[in-house]
Structure formats: structure tokens, C-alpha cells
Amino acid sequence: MLPLLAASVVALAGCSSPQKETKVLAFNPANMDTTVTAGEDFYQYACGGWIKNNPLKPEYARFGTFDQLREDNQTQLRDLIEELSSTQHEKGSIGDKIATLYALGLDSVKLNSEGATPVKEQLDAISAIENTDGVASMIATLQREGAYPYFAFFVSADEKNSSMNIIQLYQAGLGLGDRDYYLQADANMESIRDAYKVYINKLFTLAGFSAEQATAATEAVMKTETGIAEVSYTREALRDSQKNYNKMSYADFKSKAGWMNWDAFFAGLGVKDVTDLDPKQLNFFVNLDKVFKNQTLEEQKYYLSYNLLNAAAPYLSDDFVAASFDFYGKTLSGKQEQQPRWKRALNTVNGSLGEAVGQMYVTKYFPASSKEKMLTLVNNLQQALGERIRELTWMGDETKAKAEEKLASFAVKIGYPDKWRDYSGLDIQPDSYWTNVCRSSIFDMEYQLADINKPVDRTRWHMSPQTVNAYYNPTTNEICFPAAILQPPFFNADADDAVNYGAIGVVIGHEMTHGFDDQGRNYDKEGNLTDWWTAEDAERFTERADVLVKQYDNILVLDTVHANGRYTLGENIADHGGLLVSYQAYQNSLKGKETPAPIDGFTNDQRFYLGYATLWGQNIRDEEILRLTKIDVHSLGKWRVNAALRNIETFYDAFGIKASDPMFLDPAERVVIW
Ligand SMILES: [Zn+2]
């Protein structure tokens, strides 16, 4: 699922409290650590108390205020589903579907008695493949069922004709997620590869393959994935929107990437009459030729079987689940314990029936007043960003006019969709958990297939309302704030404006700025990938963005490992812009009013920045620092605070940061982009 999200939508963070009778503190000074000063380490100063009081639980690799909200939210959703499960529902109704799927996820006795049985038929079908046409058709079958061997197929807006959906293909096929894991020679990567081999072998053994077969399968998977890694784009290269757009006719594509029988693939998916498509990483698809032709049929079949087993493992018996957790949870992330079964089952229900659960969630937990307040805030932020664009000294009038048009065209989504998704076509049966997960994937695939060469439905949401997150989507030029993020500490109806502008205000500004970051700036007001910049302005933007790249490249995240300034650039620009724009919107809101008196000894400007820092307080394991530095476009919490604020002049003023303070950055090294 990850490549699909990565292809278009930019989320706020990489992954609710019960209806409050009592007021929630806007900002709790107990979350601070006043043994350090703001100028020494602002993150520690603002969040140190919270960090100390919220040690990592064994099931977490990282736990922050975001996750605190997610935990509360999970409890609310569990209550809703348990309440639903306590009554009888008509067969095939939404209530029946949610309750049945959740119950299957909880039924450890049934899951453990089934073992590998739920995947047996699928494994037999792979084993029966006789030639490469059969492989092509099976790649399609697996993609329908939610696994992505070699690459990922999806349907989304044509980036240069954004009102129409077209077929798109994205690089995929790596169980470790990023090419570095296969290609880097250091000891840490080598030990991860060794553990990965043990995991692959374990899956085949659990599925009933002989020791000899499991060894051969492990070699085949490593050989294949290493080959795919070698032809994969780096994660920095994936950020170049123009180079990742390669729409062409189907005939042209087949002549360039003829290693596979694409007709058999599309027939297997259920797509008729392919006219054109966008293979996002064209050279990847061309070069897969080497990988595919270098495999024997047996190796191809082992690789397909592995993709099936790896996708299914979390939904099978406990031995499969434990194998998956030992590798992905423990080795890669440093987690010590699995999430309890109910949370895992809840994730599955959220994944399969997201908007159905979301509809229940907002009815019970989302006050209509929140939407009104958010609309006002969004409007204020939009005005402030417009002012800032007009005042920019580095941008010419021609580009400014286009930027303002784009800003004025933002579509704003708050809370939940106006039109809910129809799940009547999704069949949920009490047979096996994994079989239902497959049915759900097929249902989602059919939903996409129906969109091919059809107009884009701009009313659709790319996150469910119960998701604690937010996003910007460049091809629809929309910003979206699901209901679940509109709660403390992000959005607090009882809080003073300074804290709300520092928290949800910066989140709004962050999503808006994505429309103007290193990727988003390449899309116009209609969401088309077109260059609306003058050459001089584009050059001045890049100069400024490169300053941020260097600043973040210089950060040591752990031991000798540095942050990746190029890869995280879009998010860092968004944090930077979000802070500046929201601060200005807050100042505008104070015009003609008396400056608010300090609260708990903090001025309103101080509370703005404390409100911001509160969002990113977190504890994190070393393994997770290394993993996220490889696969997460967001900077780590500490740097979303300390590195972002070092460019903001009013932050220095608010806390009296001096040139001798570690937080101090020489004004000549600071940058202002938006
Ligand atoms: Zn973002």
C-alpha cells in the first residue's frame, strides 16, 4: 500500500480522547524540562517532562503525543465495534461485516488451528505455473490480493491532465522497502540481511516446504530482490516529479519493457483495452528485464510464493505472526512486544472498512462546531500565506501571481467526506481471516479499475476520518484534516489562540506549504504537473531550498548516521512554512486587540512555540531512528522542533536566544523560503 500513498499524497506524519467533560489544558508546563534552557535545547526544554513521564512501552518503537492521541482513538473505536458486536446484524449489512471481520481477527483458536491452510490454494496455484505467461498472470492475481511482487499497479490522476485517471505503475517488490538495505555494505545492513534470510526461510518452513526447498527459496528471493534493488530509483530520485512522469502509449511501453507478457498481466487484473499508461520510473521498468530474465521459472515461483506468504503472515496462525513480528517489529524497529490482538484486528477493520467505521466514529465523537472553527482558521492561514507571498523579496511578480492563484484554489476538506464510500459490494464471510483480507484487497482493486480513463472524483478522501494525520494532494490541490486530528493537543477548543495557532495552525500551514515545496511547486492550481515558474524564480527557490538540505544533512541522528536533507526536503519546507505562516496569521488575529496577558508565566509568543513543540515530543528506539531515516520523508520529532525553529527570527525573540546558545544559528546561515 505504501507506494500508492507515496505516489501522490503527502501525509503530516509517518503512520482521541473521550468526549471531554472537563477542560483540557492548552499547554501543560509539567511537560517541560526546565533544567535546560530554551537556548540550549528547545525540544528538551519544551518536551523533556513529557518524554520522561512517557517511557516507551514494549509494543512501541516510537511513542509521541501523536501516538498518545492514536491510543485514545483506538480505545474509542474498540468501544464502538464491541458495542456493534453485542447485537445481531442482518447478514451482509455493514454492522455484520465489521463485527465478523473483527471477530475473525480476535479468534486465536481458529487462527491457530488453521495454520497455513488459508494460503494453501494460492500456493498451489503458484506451484502449478508452467511458463512466464503464467508468472505474468500470477503477478496480477497477487496484486489484486494486496501483494506487490516486482512493481505496483494503481489508478490515479494523470499528473499532466489531472482531471482524468490513468493506469500507473510504480517500482516495488522489495520486502525490505528500500534499496539501501540490499546494497549497502556496512555491518548493520549485513546483520539485517542475515536476519531477513532467516525470516524468509522460516515462512517457507511454516508453510510446509522441505528444508531443502526453504533454502533454495531463500536464495531465490534474495537474488531477485537484490536484482530489483539494483535497478530501483533511490528515494531522493523518487522526489523528482518530472523524471517520475512517463506517460506513453501501451504499445510504446511494451516495446520498451517487453520482458513480461503485459497482455497476460492486464488480462489477469481484469483490465480490457489498455490505451496508455504512466510507468512512473521508466528506467526501472526497462531494467527489470535483466532481473526477470536472470531468474529461472522456479526462482520466479519462489519469489511469488514469498510475496504471498509475507503479505499473509500477519493474518495467519501465531507462528506466522510471530515470525513476521520478529523481523519487521524487533529486528527492523526494535520493538519488544507485539500490539495486543485487538489492536491488530482493529487495524484490519480500519484498513478494509475505513469509511464505514469512520461514519460511526464521527457521529459519536466529532462535534460540528469543530468544523466551523477549523474553516475560520484555514481561511486566516490562507490570507497570511497570501500576504507572505506578496511580500517575498526573492520572487518576481509573474510567479507571485500564479502562486496566489494556486493558493486561492486550494480545496479544503475537514472532518469527514460529504459522500461516504459504498461497501455493499464487499463480501465478508466467517471462513478465514486472510481470505477476507484478500476479498477486501480485491474490492479495493475493483474500485480502482472502475476509474481507468474516467474523470477524477475530487470529493474522495485519501485518509479515513478516524486517522490522526493530515495530507496535501498535489493533483487535486487539496488539503485534508480528518476528524481525529481535530483534538488536543492539535486542536483544543478550550485553549488560548497562541497555543492553537502554534499547534493546529502550524499543521494547516504545513499542509498548505506542501503545495509550494520542492515537489508541490511543480503542480499548478488545477493539479497539473506544469512549470509555472520563471527560470530566475525557480533558481532562487532552489538556492534557498538547498540551504535547508545542507542544514538537515548536517544533523547527526545517531552515532555517525546523518539525516537525509534531500529526501526530507519537502517536509522540512512544509514545517518551515507552516511556522512562519501560522505565526503571521496569529499576529493578524491580534490586530486591534490588547496583547493577551501571559499564562503560567509564558507570553503569547512563547506559548505559540511551546504549543508547536508539544506536537513532536517522543521517545524512540535506536533501530527505529535508523529505519525511519531510510524510509520516512519526515524528519524525526526532535529535529522538526530544533532544526525548524533555528531559522525563525520571532522564535529567537520570544525566548531571548543569544549568540552563545547552542540553538543559535548565525543569521547568515538562516533561510526564509515562504
Ligand atoms: Zn507533510
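In which helix is Ser-333 found? Select it and you land in helix 15, residues 318-333; helices here are DSSP runs of H or I with at least four residues, strands are runs of E with at least two, and both are numbered from the N terminus. Before going further: this is a predicted model, in which local features need pLDDT of at least 70 and side-chain atom pairs count only at pLDDT 80 or more, while totals for chains, interfaces and linings use all residues. Residues are numbered from 1 along each chain as its sequence is written, and side-chain values use heavy atoms, with hydrogens and water left out.

Stay on Ser-333 for a moment. It counts as buried, at 3% relative accessibility (buried is under 20% relative accessible area, exposed over 50%, partly exposed in between, with a 1.4 Å probe and protein chains only). Now show Ile-620: it is 287 residues away along the chain, yet the two C-alpha atoms are separated by 9.5 Å. Leaving aside neighbours within four places in sequence, Ser-333 has contacts (heavy atoms within 4.5 Å) with Ala-61, Tyr-328, Arg-621, Glu-623, Glu-624 and Arg-627.

Next, color by pLDDT, the predictor's confidence in each residue from 0 to 100. The chain averages 95, and 98% of its residues reach 70 or more. Residues 1-7 are another story, with pLDDT below 50 and 13 contacts beyond near neighbours in sequence. Residues 16-20 also stay under 50, and the model gives them 14 contacts beyond four places in sequence.

Now for the metal. Select the zinc ion and you'll see His-510 (NE2), His-514 (NE2) and Glu-571 (OE) coordinating it at 2.0 to 2.1 Å. Donors are N, O and S atoms within 2.8 Å of the metal (3.2 Å for Na, K and Ca), and water is not among the atoms, so a site may look incomplete. Along the sequence the donor residues follow the spacing H-x3-H-x56-E. Both histidines sit in helix 21 (residues 497-514), and because they are 4 residues apart, about one helical turn separates His-510 from His-514. Both His-510 and His-514 are buried.

Pro-489 is in the loop between strand 9 (478-482) and helix 21.

Two positive phi values come next. Tyr-150, not a glycine, has a phi of about 70 degrees; look for it in the loop between helix 7 (132-144) and strand 3 (151-158). Tyr-150 is buried, with a relative accessible area of 0%. Asp-559 has a positive phi near 45 degrees and is in the loop between strand 10 (556-558) and strand 11 (561-562). Asp-559 is exposed, at 66% relative accessible area.

Last stop: Arg-458, in the loop between helix 20 (433-449) and strand 8 (471-473). What does Arg-458 count as at 35% relative accessibility? Partly exposed. Leaving aside neighbours within four places in sequence, its contacts include Ser-162, Lys-413 and Glu-526. Phe-366 is 92 residues away along the chain, and its C-alpha atom is separated from that of Arg-458 by 23 Å.
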